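Here is a friendly briefing to read with the model open beside you.

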Amino acid sequence: MVQSGLVHGDLSAYNILAAGERLVIIDLPQIVDLVGNLNGMDFLQRDCANICGWFRSRGLEADEHALFAELMAHAF
């Protein structure tokens with residue numbers, strides 16, 4: 001999504017479905033433009049924090065800052 005300039009805006013682990021080897025993102029009504037929306041970067045950071053927090057709560061290492069940086073590298 002980031003490569004297309006889009007941010008979910010309210011991403012959680014419950015909005016990501018596993019379909020075999022694919023991931024399917026659902027609940028897209030609040031999708032925003034990463035650059036066109038003044039809050040786009042903040043929404044992406046929040047999405048990263050939500051996802052990484054979910055994985056950390058299950059004992060896995062997940063760094064929202066590293067994820068955000070990786071996504072930004074793919075965005076532009």
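Which polar atom lies 3.2 Å from the backbone nitrogen of Leu11? It belongs to the side chain of His8. This is a predicted model, in which local features need pLDDT of at least 70 and side-chain atom pairs count only at pLDDT 80 or more, while totals for chains, interfaces and linings use all residues. Residues are numbered from 1 along each chain as its sequence is written, and side-chain values use heavy atoms, leaving out hydrogens and water.

- You will find His8 in the loop between β1 (6–7) and β2 (16–19); strands (E, at least two residues) and helices (H or I, at least four) are DSSP runs, numbered from the N terminus.
- His8 is buried, with a relative accessible area of 2%; buried means under 20%, exposed over 50% and partly exposed in between, with a 1.4 Å probe and protein chains only.
- A polar atom of the His8 side chain also lies 2.8 Å from the backbone oxygen of Asp27.
- Beyond its neighbours within four places in sequence, His8 is in contact (heavy atoms within 4.5 Å) with residues including Met1, Asn15, Ile25, Gln30 and Asp47.

**Helix α1**

- Helix α1 covers residues 40–56, and its 17 residues should span 24 Å at 1.5 Å a residue; the expected span is 1.5 Å times one less than the number of residues.
- The end C-alpha atoms of α1 are 24 Å apart, which agrees with that expectation.
- Gly40, Leu44, Asp47, Cys48, Ile51 and Cys52 are buried in α1.
- They sit on the same side of α1, because they cover an arc of only 120 degrees around the axis, taken from the directions from the helix axis to the C-beta atoms.
- An α-helix has 3.6 residues a turn, so residues three or four places apart point the same way.
- The cover over the buried residues of α1 includes β1, β2, β4 (32–33) and α2 (64–75).

**The nonpolar core**

- The largest nonpolar core has 9 residues: Val2, Val7, Val32, Leu34, Leu44, Cys48, Phe68, Met72 and Ala75. Such a core is a set of buried Ala, Val, Leu, Ile, Met, Phe, Trp, Tyr and Cys residues joined through side-chain atoms within 4.5 Å.
- Both α1 and α2 supply at least two residues each to this core, and its largest share, 3 residues, comes from α2.
- Met72 is in contact with Met41 and Leu44, leaving aside neighbours within four places in sequence.
- In soluble globular proteins, nonpolar side chains tend to be buried together.

**The cysteines**

- Searching the whole structure turns up 0 disulfides, where a disulfide is a pair of cysteine sulfur atoms within 2.5 Å.
- For Cys48, the closest cysteine sulfur is that of Cys52, and at 6.3 Å it is too far for a bond.
- Cys48 counts as buried at 2% relative accessibility, and Cys52 counts as buried at 5%.

- Glu64 lies in helix α2 and counts as buried, at 16% relative accessibility.
- Not counting residues up to four places away in sequence, Glu64 touches Gln45, Cys48, Ala49, Cys52 and Arg56.
- Ala18, in strand β2, is exposed, with a relative accessible area of 68%.
- Ala18 and Leu60 are 42 residues apart along the chain, and their C-alpha atoms are separated by 18 Å.

Definitions and conventions. Polar contact = N/O pair within 3.5 Å; in protein donor to acceptor, adjacent residues only side chain to side chain.
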